[in-house]
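Subject: Structure for you to look at, with notes

Dear colleague,

Please find below the structure that I said I would pass on, followed by my notes on what turned up in it.

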Amino acid sequence: MRALFFVLLMTSASLTAAATRPAAVAGSFYTDDAGDLRAQVVEMLGTSTDRPLSRALVVPHAGYAYSGAVAGRAFATLDAVSVQRVILLGPSHHEAFSGGALPARNIDSFATPLGRVDVDTRAVDALRSDPDFRGPASAHGPEHCLEVELPFLQVAVPGARIVPILVGAGTTRDMARRMARVLAPLLDEHTVVVVSSDFTHHGDRYRWTPFSGPDVGDQLIRLGRATAGRLAAIDPAGFIHQVEVSGDTMCGAKPAAVLVELLAHAFIGTGEVLEVTTSGHRTGSWDLSVTYAAVAFVGSWKAWKAPTPAPPLPEISADEGARIVALARASLESYLLHDGSIAEWYASPHDPAVSTALAGAFVTLNHRGLKPGDPGRLRACMGVIEAEQPLEDAVVQAAVWAARDPRFPWLQADELEGLEVEVSVLSPARPVPGPESVVVGTHGVILEKGGHRALFLPQVAVEQGWDRETMLDHLARKAGLPDNGWRTGTDFEVFTAQVFGEAE
């Protein structure tokens with residue numbers, strides 16, 4: 001019995017004994033010869049000492065032959081003396097999950113041909129209790145995105161410990177902000193944050209081929225700069241919309257979203273896009289091209305500042321209304337052309353008191369040159385009714401939905417010039433006793449009966465020349481009811497709208 005107890009004790013100890021995560025991609029993404037590796041990293045870091053020292057970086061993680069020089073330019077901005085800890089964030093290429101995945105409890109270091117990199121196990125263990133950091137530890141086993149950054153850290157900031165975190169593709173924007181809030185207490189003058197991410201993946205292998213022709217490389221560079229620019233501007237909303245609306249296939253968008261939330265709420269400083277290039281410029285082939293960008297942030301960490309509550313929706317001026325319409329068009333262009341139009345909008349002046357106020361919004365697309373009431377004028381109209389998100393988010397979502405309005409053929413890029421864009425900013429809907437409370441030309445109407453539901457914006461009845469009963473007949477028909485179906489047993493809500501359009 002004593003012998004059995006001893007065996008069980010030894011087995012339990014072996015399960016928890018400290019272990020090193022072995023290198024998984026040495027010899028493929030980078031050389032497994034220690035001498036050659038150190039010499040290559042030193043060369044890629046360069047010799048310049050006239051540089052600002054960074055607190056956070058975004059760096060690529062491809063094979064060194066393709067992205068090493070870009071990564072080196074960013075890592076060269078770290079301070080070898082002061083940096084003692086690196087929070088290392090990257091995407092999971094092998095397992096699907098939400099939130100952050102930490103290494104197994106017994107992993108206390110990561111190996112490369114240059115030796116071991118110690119894990120800050122105290123910091124990692126502090127994160128384990130948070131529900132947003134319970135992704136699968138197994139994701140770290142085959143993953144390359146963090147590993148390829150380690151030799152740069154071993155040369156640039158020798159002795160620094162790492163907090164290695166993989167961020168799952170299912171991570172939402174709210175979750176990214178929560179993760180940032182949990183990481184914020186780790187930030188101090190000896191800590192930097194490094195996000196490992198490649199940018200656009202273009203070609204048949206990646207099933208993303210929106211660009212063609214002789215200027216593919218230029219288009220990829222422009223898209224990469226637009227996406228990287230929103231990171232450098234420390235603009236969480238602009239970055240997320242740029243990636244999601246344009247369809248930019250940036251593999252590390254989720255860990256970058258965590259970083260940009262950290263920077264927005266716990267940092268004083270500025271960002272700079274150091275370089276953007278592509279593998280296609282090196283190989284001459286665009287059938288399989290990846291964009292690489294380096295972004296550096298100079299400044300200092302501060303205590304976390306909670307987001308300010310959304311302001312009430314103000315009366316929108318004509319100028320701000322025009323900017324909101326421009327956001328709708330930029331969203332359509334980025335969605336259909338896969339470009340940086342939406343990033344350009346976020347880089348332009350706009351009033352946060354308007355764009356971040358909670359509001360519903362509809363985007364209407366009309367054929368240019370046709371007047372209200374003309375047959376075939378409407379091309380699409382979709383929207384967000386509830387005032388549960390910032391106006392800018394509602395407009396972006398409504399514009400993308402309008403491009404795929406199920407009542408019409410899907411919108412094509414070559415149609416954009418022939419369309420006028422109109423945005424209706426909605427007041428909160430309120431119930432009314434019955435149809436007699438509806439004021440034509442003032443109220444938008446939501447009709448609901450027996451699981452049937454439909455909505456008209458306030459301008460619809462005026463444009464069509466309808467009186468109240470005619471409008472409600474058409475609304476009932478839109479809901480799938482008989483023309484007179486609205487007269488009994490029907491619930492009504494009304495709202496008003498501030499309407500802005502390009503035609504004005």
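Of the 504 residues of the protein, 51% count as buried, where buried means under 20% relative accessible area, exposed means over 50% and partly exposed lies in between, with a 1.4 Å probe and protein chains only. This is a predicted model, in which local features need pLDDT of at least 70 and side-chain atom pairs count only at pLDDT 80 or more, whereas totals for chains, interfaces and linings use all residues. Residues are numbered from 1 along each chain as its sequence is written, and side-chain values use heavy atoms, with hydrogens and water left out.

As for the overall picture, the protein has 16 helices and 19 strands; these are DSSP runs numbered from the N terminus, helices being H or I with at least four residues and strands being E with at least two. The C-alpha trace spans about 85 × 65 × 40 Å along its principal axes. The protein exposes about 22,100 Å², of which carbon and sulfur atoms supply 53%, the areas coming from the Shrake-Rupley method with a 1.4 Å probe and, for residues, with only the protein chains shown counting as cover. Among contacts with a separation of 6 or more, residues 24 or more positions apart account for 79%, contact meaning heavy atoms within 4.5 Å.

In helix H6 (residues 173-183), the residues Met175, Ala176, Met179, Ala180 and Leu183 are buried. They lie on the same side of H6, because they cover an arc of only 140 degrees around the axis, the arc being that of the directions from the helix axis to the C-beta atoms. The buried residues of H6 pack against strands S3 (85-91), S4 (100-101) and S7 (161-167), and also against helices H4 (121-128) and H9 (253-266). In helix H16 (residues 468-478), the buried residues are Met471, Leu472, Asp473, Leu475 and Ala476, and what covers them includes strands S16 (444-449), S17 (452-456) and S18 (491-495) as well as helix H15 (458-464). Just after H16, Gly480 takes a positive phi of about 90 degrees.

Next, the aromatic residues. A search of the whole structure finds 7 aromatic pairs; rings of Phe, Tyr and Trp (its six-membered ring) pair if their centres lie within 6.5 Å, and planes under 30 degrees apart count as stacked, over 60 as edge-to-face and the rest as tilted. The pair of Tyr64 and Phe152 is tilted, because the ring centres are 5.1 Å apart and the planes stand at 55 degrees. Tyr64 lies in helix H3 (residues 64-75) and Phe152 in helix H5 (residues 150-156), so this pair ties together parts that are 88 residues apart in sequence. Arg282 lies over the face of Tyr66, at 5.8 Å from the ring centre, where the criterion is NZ of Lys or CZ of Arg within 6 Å of the ring centre and within 35 degrees of the ring normal.

Glu147 lies in the loop between H4 and H5 and counts as buried, at 1% relative accessibility. The side chain of Glu147 reaches the backbone nitrogen of Val25 at 3.0 Å. Not counting residues up to four places away in sequence, Glu147 touches Arg21, Pro22, Ala23, Ala24, Val25, Ala26 and Tyr30.

Finally, some backbone angles to check in your viewer. Most residues other than glycine have a negative phi. Ile234, however, has a positive phi near 55 degrees; this residue lies in the loop between helix H7 (216-232) and helix H8 (236-246) and is buried, with a relative accessible area of 18%. His338 likewise has a positive phi, near 60 degrees, and is placed in the loop between helix H11 (318-337) and helix H12 (341-347).

Note on methods: Polar contact = N/O pair within 3.5 Å; in protein donor to acceptor, adjacent residues only side chain to side chain.
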